[in-house]
Structures are given as C-alpha cells and as structure tokens.
Amino acid sequence: MSAPRRDPAPSRLSYRLQRLALTPLVRRSFVFGLPAASLALVVGLSLGDPERRAAMGAWWQTVKSEIQHRDEFMVKQMAIEGASDRVATDIRQMLPLDLPMTSFDLDLNALQARVAGLDAVERADIRVKSGGVLHIRVAERVPAIIWRHAGGLDLLDESGRRTSPLARRLDRPDLPVVTGRGADRAVPEALALVETAAPLRDRMRGLVRMGERRWTLVLDRDQRILLPEAEPVAALEQVIALDESQDLLSRDVVLVDFRDAARPTLRMAEASARALRQIKMTELGDD
C-alpha cells in the first residue's frame, strides 16, 4: 500500500507568517531594527563597565584635542584695524588671550562685546581669518565736544557718549566746551548752537547748561547770552543778527537776556551804566 500524498499547500499558520514577513514594517524591522538593537545591546554592555567607559572617554578627548589643535585651527596672532595706538593698546590689554591657541576656545561674541564696551569704540567686528589671524576691526567714536564737570574733563562724541578723558583743555583747543548739570545729555543741541555761533567762534568760551533745561553762551570779556529753553538756535540767530547790524556785542554789554524773545533785555557794565545814569541826570537837570 503506497504512502498518502503530502499536500503541498502551506498550513494556515505558515501562510499567515509568510504574509506577515512580506509587510513593509516587518521587513524594515529585520533589515534595520534587528542590527540596531544588536548594536545598542553591544554598546550598552560595553558602557556598563566603568573602566571601559572611562577609557572610551579618554580616547575621545584625545581625538578631539588632536583635531582642535591642528595647525589650520590655531590662532597665532592678533591684528587690529581702524583703532588709534591708544585704543589698540587698551584692546590688547583687556583681551586675556594667550596666543597661540585653538579657535575652538575663542568665544568671538563675548570678545566682541568686551571690545565694543570700550568708551572710545562705536562698533567692533571680530573674525578669525586664514593664516591663524584674529582680526579685530573697530570704528572709533569721534570726539566732538569737551564736557567740563566736577571730576575733570571728558571728550564726548556728537551723541553725548564719552570717548575718553582729557587731561588739559589746551590739548584740544579745536573743540567747544560745555559745562553744567545735564550738559552731556544735550550735546546735539549744544553742537547746533556752536554751529550757529560760528561768527562768534573766536570769542566763544563755552556753553553752560542751566537747570538742565536751557543754555547760556559765554563769550570773552565775561559777556553772556541767556538763551530760552525752547528754540534756542532761533534766539541765538537773532542775537547774531543784532550784533551784525548794530555791533551789539562790541559795546560795553555784559549780558544779553533772550529768554523771552518778545522782550529781550540788556545789562551793561556797572561803570558804563553809572556813566549813562549820570548823563541822563545831567540832561534832566539842564531841563
């Protein structure tokens, strides 16, 4: 009697397993998931040993240091562009850089903020250039006026920002002087008045801020021009026009009060005022 023929059709369970193995998720799991899980198991077992973990960390630090200290990543010198000798010296002294050093140890944003924090620096840009050069390009503040205060003399730029101290007034005879409380906060207006007073430049001694709200222009011979709080430039233009037409400031006048442009007043020197009163009394007596 012959053996029964075997049915070649797969069983239902085998068929379902084959179909499952053909699905994309299962195929990707076998192709990628199983190797990744095996690798993760090996790494986990390796890192579970403290000595092996320490050895791997030391190896990584060695490799990292060797890469960072390659010649192409080393900064060997510093170059400063756009700065005067004094400012360049200040920059070199304030940056604690022990060159040569790797560029990976440089915090360029922090270095730029420190350089830009100098009084004399308006803008700063720091980059590492090829050849291992730390290039620092600065734009200095330009002194526009001298501020005299209780602590001494300071140079200010056109916005009123301090640029540097000044030892003596004679060191910058080309710049005007302002003084008084709050004068440093009104530099733009002061510069506008200085420009307007160009015809009086040779006689001008400075501007005094009064009550943190208005200016007094001081000339030689102790002459003073009191300007209003509002529109002082226009008031000064009127004074200069009077001087050009009537030689107002060439006379024995010690004070021109233009705080009220509608009713300006003059004050003469005491001797001239006394002589004028005497003349008036003589004229009245003759009558």
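Let's start with an open sheet of 3 strands, in the order β2-β5-β4 and with mixed pairing. At its edges lie β2 (77-81) and β4 (121-129), each pairing on one side only. The twist averages 20 degrees from one strand to the next. Here two strands pair if DSSP finds at least two bridges between them, and strands (E, at least two residues) and helices (H or I, at least four) are DSSP runs numbered from the N terminus.

This is a predicted model, where local features need pLDDT of at least 70, side-chain atom pairs count only at pLDDT 80 or more, and totals for chains, interfaces and linings use all residues. Residues are numbered from 1 along each chain as its sequence is written, and side-chain values use heavy atoms, leaving out hydrogens and water.

Look at β4 beside β5 (residues 133-140): they pair in the antiparallel sense over 8 bridges. In β5, Ala139 is the bridge partner of Arg123.

Now turn to helix α7 (residues 232-246). Its 15 residues should span 21 Å at 1.5 Å a residue, and its end C-alpha atoms are 21 Å apart, which agrees; the expected span is 1.5 Å times one less than the number of residues. Which residues of α7 are buried? They are Pro232, Ala235, Leu236, Val239, Ile240 and Asp243. Seen down the axis of α7, these buried residues fall within an arc of 140 degrees, so they line one face of the helix; the arc is that of the directions from the helix axis to the C-beta atoms. On the other side of α7, Glu244 and Ser245 are exposed. Buried means under 20% relative accessible area, exposed over 50%, and partly exposed in between (1.4 Å probe, protein chains only).

Technical notes:
Axes fitted to C-alpha atoms, helices over the stretch in contact; angles between N-to-C directions.
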